[in-house]
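Here are some notes to read alongside the model, written as numbered points. Please keep the structure open while you go through them.

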Amino acid sequence: MEQDIKVSVICCAYNHGTYIKEALEGFVKQKTNFAFEVLVHDDASTDNTAEIIREYEEKYPDIIKAVYQKENQYSKGVKVAKTFLFPIVKGKYISPCEGDDYWTDPLKLQKQYDFMEANPEYSLCACSTVWLNMQTNKSEKRCMITESREISLEEIILEKNGRIFQYGTVFAKADIFMNRPDWAYAFPAGDYALAIYSAFSGKVYMLSDTMAVYRNHAKGSWTSRMDNLEYRNKTINS
């Protein structure tokens, strides 16, 4: 009998051969008292990303289900997760993590699941993150809080330039995650829009536990552009 999936982890990868193994290890090492699935999308990577994903898919067939593209979909303007992963989601909750980020706590999913089950008025639960600057190879104190607490809409919009928490730490109700309005997808920063919409749809909570690592890539990334005051103001006010 097929297990009742409670959480769907979604992971989008493209040329993440250097990093994807850490992401997959973080998924399969999760210790839970519920069934979860990991839905991975490889967008026609030109390196060994797909090969590594296949290895894990073969080793953990009950957990990892992968979608492999022959042509890059993102470059065609396709909303990858919405188009290819959302239709096969089975979980009550969704927890995303990009292929170049990873989780460090094997109890991440369990802690967030327990909170959300006990507090149904919340639409999203995040956690603290190690923000790794890939230019300096040093960690930075961003997306961290000292005490677990509710996060207000005002904080999400105004504090830390939209960086109150990081996308790879999100644990959200699947219906809210997948049914975001069109404006959320048109927004320059999708994870920022998700945080705002979640706060509109219910309450948002953040655990102080540091359970993930976000790799802040170099010049040209969204995070580096958001460090520019002019660009950030244009983005937030658009």
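1. In strand β4, Pro96 is the bridge partner of Ile10, and strands (DSSP runs of E, at least two residues, numbered from the N terminus) pair if DSSP finds at least two bridges between them. Strand β1 (residues 5–13) pairs with β4 in the parallel sense over four bridges.

2. This is a predicted model, in which local features need pLDDT of at least 70 and side-chain atom pairs count only at pLDDT 80 or more, while totals for chains, interfaces and linings use all residues. Residues are numbered from 1 along each chain as its sequence is written, and side-chain values use heavy atoms, with hydrogens and water left out.

3. Strand β9 (residues 171–173) runs antiparallel to β4 and is joined to it by two bridges, with Tyr93 standing opposite Lys173 of β9.

4. Which residues cover the two faces of strand β4 (residues 93–96)? Tyr93 and Ser95 lie on one side and Ile94 and Pro96 on the other, and all are buried, where buried means under 20% relative accessible area, exposed over 50% and partly exposed in between, with a 1.4 Å probe and protein chains only. In a regular strand the side chains alternate between the two faces of the sheet.

5. Ser198 lies in helix α8 (residues 190–201), a helix being a DSSP run of H or I with at least four residues. Ser198 counts as buried because its relative accessibility is 0%. Not counting residues up to four places away in sequence, Ser198 touches Ser123, Leu124, Ile176 and Val204, contact meaning heavy atoms within 4.5 Å.
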